[in-house]
Amino acid sequence: MAVRAIRGATTASENTREAIIGATLELLREMEKRNDLKNEDAVSVIFTVTPDLTAAFPAAAAREMGLTFVPLLDMSAPAIDGSLNKCIRAMVYINTEKTKEEVNHVYLRGAKVLRPDLVE
């Protein structure tokens, strides 16, 4: 058993609570599906949002999914010229038997441009 990190990113369609929570839920569910995860596998989750997303914390979506006893942290990503707007990133730490090569990172919506080599 090892602790591994799964990276993921997506974009919200607008700066509203519904759009941020919806995009985050979609991302977390896809990360869960592609890595065959259960809630008890999660060690912790770190979220970042670009400065243009201020209407909600992505961690609220994780709580809605039942990650009640998992430490969650929301952070603001730095404002970098030319970077992707309305972007939500997640780093999910899990306990797993998978090797680093077997972990499936997930990039959805507009965030597919961040890691085209990992997009299915």
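Biologist: Okay, which residue does Arg115 form a salt bridge with?

Modeller: Arg115 pairs up with Asp117, and their closest N and O atoms are 2.7 Å apart. Keep in mind that this is a predicted model.

Biologist: Is Asp117 buried or exposed?

Modeller: Asp117 is exposed, with a relative accessible area of 53%. Arg115 is partly exposed, at 33% relative accessibility.

Biologist: How many salt bridges does the structure hold?

Modeller: Four. One of them joins Glu64 and Arg17, with the closest N and O atoms 3.9 Å apart.

Biologist: Where in the chain do Glu64 and Arg17 sit?

Modeller: In distant parts of it: Glu64 is in helix 2, which covers residues 59-64, and Arg17 is in helix 1, so the two are 47 residues apart. Arg17 is partly exposed, at 41% relative accessible area.

Biologist: What about Glu30, which side chain does that one meet in a salt bridge?

Modeller: That would be Arg34, at 2.7 Å from N to O. Glu30 and Arg34 are four residues apart in helix 1, which means about one helical turn separates them.

Biologist: And are those two buried or exposed?

Modeller: Both Glu30 and Arg34 are buried.

Biologist: Changing topic: where does Asp41 lie?

Modeller: Asp41 is in the loop between helix 1 (17-34) and strand 2 (42-49).

Biologist: Which side chain of opposite charge is nearest to Asp41?

Modeller: Lys38, but it's 4.5 Å away. A salt bridge has to be within 4 Å, so Asp41 is buried and has no salt bridge.

Biologist: Then what does lie 2.8 Å from a polar atom of the Asp41 side chain?

Modeller: The backbone nitrogen of Lys38 does. Setting aside neighbours within four places in sequence, Asp41 also contacts Asp36, Tyr93, Ile94 and Asn95.

Biologist: Which residues are closest to its centre?

Modeller: Of the 13 residues lining the largest cavity, those are Glu32, Leu37, Ala42, Leu67 and Val92.

Biologist: And which element gives the most to the lining?

Modeller: Helix 1 does, with three residues. Helix 1, strand 2 and strand 4 (87-96) each supply at least two.

Terms used: Residues numbered from 1 in each chain as written. Predicted model: local features only at pLDDT ≥ 70, side-chain atom pairs only at ≥ 80, totals over all residues. Heavy atoms only, no water. Buried < 20%, exposed > 50% of the residue type's maximum accessible area, 1.4 Å probe, protein only. Lys, Arg positive; Asp, Glu negative; His and termini not counted. Polar contact = N/O pair within 3.5 Å; in protein donor to acceptor, adjacent residues only side chain to side chain. Contact = heavy atoms within 4.5 Å. 1 Å grid on protein atoms, 1.4 Å probe; cavity = no way out; pocket = protein on both sides within 12 Å on 5 of 7 lines; lining within 4 Å.
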